Amino acid sequence: MAAEAYQIEDIPGVGPTTAEKLREAGYETVEKIAHSSASELYELAEIGEATARKMIKWCNSQTGSDASQTDAQKGSDDAGDDKILMNAKRLDIEDIPGVGPAIAEKLRDGGFLTIEGIATATPSTLSEAAEIGESTAKKMIKWCREQADIGGFKTGVEVFQARLLVKKLKALVPEIDELLGGGFETQAITEMYGEFGSGKSQIVHQLSVNVQLPEEMGGLGGSVIYVDTENTFRPERIEQMVNGLEIEGADPQEFLKNIHVARAQTSDHQMLLIENSRELAEELKKQGKPVKLVVVDSLTGLFRSEYAGRGTLAERQQKLNRHMHDIFKLCDEYNAIGLVTNQVMSNPAVFFGDPTKPIGGNIVGHTATFRIYLRKSKGGKRIFRLVDSPNLPDGEATFLVEEGGLRPC
Ligand SMILES: Nc1ncnc2c1ncn2[C@@H]1O[C@H](COP(=O)(O)OP(=O)(O)OP(=O)(O)O)[C@@H](O)[C@H]1O
Ligand SMILES: [Mg+2]
């Protein structure tokens, strides 16, 4: 049976609007849809994932694929996404030409754990760390830059295409969601800073719940990778918040299952947890619960206590920079939201206005796409201030933290 005999309008459930969206997304034929992956299709054609699967199944049956191929099709979800992931394939530092185990170890000892870390290093620091000549170091940096595509250009069209996939997660506090232009964005890191008790961890818990809801309810139908550095993740709080949603049949245990928490003991451990989370992310994608939220609460706590003296500030900043970069890459690859929290320190140099500023300063600030400053106000009210955003006006929203979770004032 020739697939050409069918138009995409012939697919059950596809009306003119969906057909148009499919064509715009490049799916002009039944054949093409048969060979696409559900996740690709549902992101590009803005249809539900289940609908996408049904469509692919139907198209497969029309193009003469048998049941075993349909099974294979399930797996090809990953194959399809792997195509996208191929460019961003995770290389280890052992993959660098000329780097054997001995140099790799020296590099790691010197804090160069990833290709990106080396790509952004200077030849002199690298040659010192790995005890290699500067010209070798230069070659290594060049190779890593090529692999990491650092300094590479994308066309506006490519950037636009990637932006089309950006999803928004709702806090389900209308004032906050409006301020954020619809919600917390994927493919970006949002940094929330504020003093103790300002509500950072509460928001993190709430979003860990909300992200699991289906898109129609403001979620992204995904799971959570949660790095907890201060031992403040509370399953009971998740339970209260799930109950607080008042959704019939919502089981807190099911929500807890999709939150993958790791407790970081040191800043190096914290970095490693993110670097190694790709395996988990791949696994989650296979299970149909792709990671859509990556939390680091708190981003700076361990760094702050370990790198106390002034003399170690540069090293701390370099590591934080690399860490932020790794979080960003993860979120970019899996179309997830990066959410990091940061405490503030008082800045004695400020005499007027607010004498607090976030830890990590510019490094964190420049890598985060959105910055939010949280403050406690009168009567239990909390202020959520959007400080820095590439495409939204700054502004404030207010909210309350109640037993059932975040609530409008
Ligand atoms: N079950 C609850 N019901 C009502 N309010 C709660 C509940 N749990 C926590 N809160 C509120 O949230 C506050 C704690 O906020 P949160 O843990 O988010 O602070 P934080 O900004 O993360 O602070 P830190 O910098 O110390 O981590 C508590 O002081 C309380 O006001
Ligand atoms: Mg906290």
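## The shell around ligand 1

In this predicted model, α12 gives the most to the shell around ligand 1, with three residues. The helix α12 spans residues 200-210. Strand β12, residues 395-402, also supplies at least two residues of that shell, as α12 does.

How many residues surround ligand 1? The number is 14. The closest are Phe196, Gly197, Lys200, Ser201 and Gln202. By class, nine residues of the shell are polar, three are charged and two are nonpolar.

## Strand β12 and its partners

β12 has a partner in β13, residues 405-408. Four bridges join the two strands, which run antiparallel. A hairpin of two residues links β12 to β13. Phe399 has Pro408 as its bridge partner in β13.

β12 also pairs with β11, residues 382-388. This pairing is antiparallel too and covers five bridges. Here Ile383 stands opposite Thr398 of β12.

## The sheet

Where do these strands sit in the sheet order? The order is β5-β4-β6-β7-β3-β10-β11-β12-β13. These nine strands form an open sheet with mixed pairing. β5, residues 259-263, and β13 are the edge strands, and each pairs on one side only. From one strand to the next, the twist averages 25°.

Strands of a sheet pair through backbone hydrogen bonds, either parallel or antiparallel.

## Strand β4

β4, residues 223-228, pairs with two strands of the sheet. With β6, residues 291-297, the pairing is parallel over six bridges. Asp228 has Asp297 as its bridge partner in β6. With β5, the pairing is parallel over five bridges. There, Val224 has Ile259 as its bridge partner.

Why is β4 described as largely enclosed by the rest of the structure? Six of its six residues are buried, so the strand is largely enclosed. In a regular strand the side chains alternate between the two faces of the sheet. In β4, Ser223, Ile225 and Val227 point one way. Val224, Tyr226 and Asp228 point the other way. All of these residues are buried.

## The nonpolar core

The largest nonpolar core has 62 residues. Those with the most contacts inside it are Leu207, Leu293, Val294, Val295, Ile327 and Leu339. In soluble globular proteins, nonpolar side chains tend to be buried together.

Which residues does Val295 contact, beyond neighbours within four places in sequence? They are Val204, Ser208, Val224, Tyr226, Val227 and Leu339. Val224, Tyr226 and Val227 are also buried residues of β4.

## Glu185, a buried charged residue

Glu185 lies in strand β2, residues 184-185. Is this residue buried or exposed? Glu185 is buried, because 24 other C-beta atoms lie within 10 Å, and the cut-off for buried is 20 or more.

Leaving out residues up to four places away in sequence, Glu185 touches Val166, Lys168 and Ile337. Leu339, one of the core residues with the most contacts, is 154 residues from Glu185 along the chain. Their C-alpha atoms are separated by 9.9 Å.

## The chain as a whole

The protein chain has 409 residues, and 38% of them are buried. Its secondary structure comes to 19 helices and 13 strands. Among contacts with a separation of 6 or more, 63% are between residues 24 or more positions apart.

Definitions and conventions:
Residues are numbered from 1 along each chain as its sequence is written. Chains are lettered from A and ligands numbered from 1 in the order in which they are written. This is a predicted model: local features need pLDDT of at least 70, side-chain atom pairs count only at pLDDT 80 or more; totals for chains, interfaces and linings use all residues. A nonpolar core is a set of buried Ala, Val, Leu, Ile, Met, Phe, Trp, Tyr and Cys residues joined through C-beta atoms within 7 Å. A residue is buried if 20 or more other C-beta atoms lie within 10 Å of its own, exposed if 12 or fewer, and partly exposed in between; C-beta atoms are placed from the backbone. Two residues are in contact if their C-beta atoms, placed from the backbone, lie within 7 Å. A residue is near a molecule or strand if its C-beta atom, placed from the backbone, lies within 6 Å of it. Ala, Val, Leu, Ile, Met, Phe, Trp, Tyr, Cys and Pro count as nonpolar, Asp, Glu, Lys and Arg as charged, and the others, Gly among them, as polar. Two strands pair if DSSP finds at least two bridges between them. Axes are lines fitted to C-alpha atoms, for helices over the stretch in contact, and angles run from 0 to 180 degrees between N-to-C directions.
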